[in-house]
Amino acid sequence: MEQKQKEQKFLVSSVSEVLRSSYSIVLETEPVFSRFTLQSGSPELRFGQGSTDAIVLNLQSSQLFKLGPAESLCISEASEANKEKTYSRGISIQFRNEEESRAFHCAFEQWKKEVVVQECPLTNGAISTSKSKFDDKIESSSAKMYFHYYGQLLHQQNMLQDFVRTGTYYSAVIENRADFLGRIVVDVGAGSGILSLFAAQAGAKHVYAIEASEMAEYARKLIAGNPSLNERITVIKGKVEDVELPEKADILISEPMGTLLVNERMLESYVIARDRFLVQNGKMFPGVGRIHMAPFSDEYLYMEIANKATFWQQQNYFGVDLTPLHGSAYQGYFSQPVVDAFDPRLLVAPAVSHVINFNSVKEEDLYEIDIPLRFLSSVSTRIHGLACWFDVLFNGSTVQRWLTTAPGAATTHWYQLRCVLPQPLYVMPGQEITGRLHLVAHKAQSYTIYLTLSALVGDMLQTSSVKLDLKEPYYRMSQPQAYSLAQDQQPNQLLQTQDIELPSRDEDGSILMQPPSPNSGAELHSL
């Protein structure tokens, strides 16, 4: 990093030296600046006016104490030459408001540990990033596009206008005021700050809203425009892997879900935030996620994808034979997961579920997810692939709420996802279908999906496999087709109900996921 980047500046009301008997430095008439800098690899805190630094402290031998909402005391240890190791200097700092006091304290902790991170809370300045754990596992080009996307208001509006999503979060927070009242809350990936505002409405003592994209500036504006709440919310621009907080959180709130629950790999950041910031036995909103899977039959969709490659079957396209690329094009179209809303009557077997407990899962467990599959077909049909959706649980002390993306439920901006096999399978009623769904994380903030399904017909084993990239889906947003019911099949018969029994807790407080009802036919595989 260039030397000129190693600085963060804050504007304060006044600075005075309080422990020196020989003289006292008071800075207050002109604008007073405090600067965090790196000199020869050692972090320093400097106070001055204009271009003059009147006070210079070594951060590694300093401590900062809060005296009031907008007043702090910094005490610096004597130099190495002083063998008594007594604290020899104290600086009283008066801030313009409590928000800037919190921002200063956050920056102090970051610089003291020589952690150079994304911009700390607020208007007074910024410091550049050093390579972090996030940077090690995510391509810089992917991260740049990701933060650019979520730094735009139009995309935040798309999520805010998902009333199922936003309304469920609001209900989960407000109906569980007892979990938020007087508590410290960390909002992981705060975006527009809407969840931070919900937490403040529910009575949170203070909320730290961590957001790495430029949306942090919009969040500050939105929060500042709600004066009854803004004094209890601090926006911190940075990644949860990097930032430092002045205190632990009683509760984490976040919306870390992507397509198929795990796309964008933000769940890993949510888990890292848990390990770094959450007190023991603290709450996570949401606390549990489930991926649901079931085989489906959809001739319309299969033909739609297969027909896309017919362009490459032309043998005389302006005198050029395109057929050498037909096989590659065919494979390419089937490598795209399909994102749309589909009719639940397309499911041909009861769903199975894979549970991820956010309270206990390890970050490394999310790098590779292996799910065995076993179904019993309910109808005689052709299976065209695997349908997937997810739900998450807000396990509040007062009310437990599920946010679901299931087919047949109110549509969300996540829709559902389907992995289409290039070669369908033929099945009969009661026939067993087995297979495996294997998800492998990659550096483009997504997953490679490996799906295999098999069915035994007589003495012949049918097997069909496909490799898909969750990063490159086919967004098929047309309304679901009007499909006729299969014989003896009732609407939603094969869709696992979302009105399940609420999780209970065992003696050590861990969540016990209740099994589905006996007639749902679902199997649970937990992570």
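A crossing of two helices is called left-handed if the near helix is turned anticlockwise from the far one by less than a right angle, and right-handed if clockwise. Helices (H or I, at least four residues) and strands (E, at least two) are DSSP runs, numbered from the N terminus.

Before you start: residues are numbered from 1 along each chain as its sequence is written, and side-chain values use heavy atoms, with hydrogens and water left out. The model is predicted, so local features need pLDDT of at least 70 and side-chain atom pairs count only at pLDDT 80 or more, while totals for chains, interfaces and linings use all residues.

**Exercise 1. Describe how α5 packs against α7.**

Step 1. Axes are lines fitted to C-alpha atoms, for helices over the stretch in contact, and angles run from 0 to 180 degrees between N-to-C directions.

Step 2. For helix α5 (residues 163-174) and α7, the axes come within 9 Å and cross at roughly 25°. That makes α5 roughly parallel to α7. (Angles under 35 degrees count as roughly parallel, over 145 as roughly antiparallel, 65 to 115 as roughly perpendicular and the rest as oblique.)

Step 3. Now the hand: α5 passes α7 in a right-handed crossing.

Step 4. Look for contacts, meaning heavy atoms within 4.5 Å. On α5 you'll find T166, Y169, Y170, V173 and I174, and on α7 they meet L195, F198, A199 and Q201.

Step 5. Sort these residues by class: seven are nonpolar, two polar and none charged. (Ala, Val, Leu, Ile, Met, Phe, Trp, Tyr, Cys and Pro count as nonpolar, Asp, Glu, Lys and Arg as charged, and the others, Gly among them, as polar.)

**Exercise 2. Explore the largest pocket.**

Step 1. Rolling a probe the size of a water molecule over the atoms shows where empty space is left. On a 1 Å grid over the protein atoms alone, a cavity is a set of points where a 1.4 Å probe fits but cannot get out, and a pocket is an open set with protein on both sides within 12 Å along at least five of seven lines; lining residues have an atom within 4 Å of a point.

Step 2. The largest pocket has a volume of about 1100 Å³. (Grid points are joined across faces, edges and corners, and a volume is the space filled by probe spheres set on the points.)

Step 3. Of its 49 lining residues, Y146, Y149, Y150, M159 and E264 are the closest to the centre. The largest share of the lining, six residues, comes from α3.

Step 4. By class, the lining of the largest pocket has 26 nonpolar, 15 polar and eight charged residues.

Step 5. Zoom in on E264, in the loop between β13 (249-254) and α9. Phi of E264 is near 80°, a positive value in a residue other than glycine.

**Exercise 3. Find the cis peptide bond between F285 and P286.**

Step 1. Go to the loop between β14 (278-285) and β15 (288-296), where P286 lies.

Step 2. Check omega: from F285 to P286 it is near 0°, and the bond is cis.
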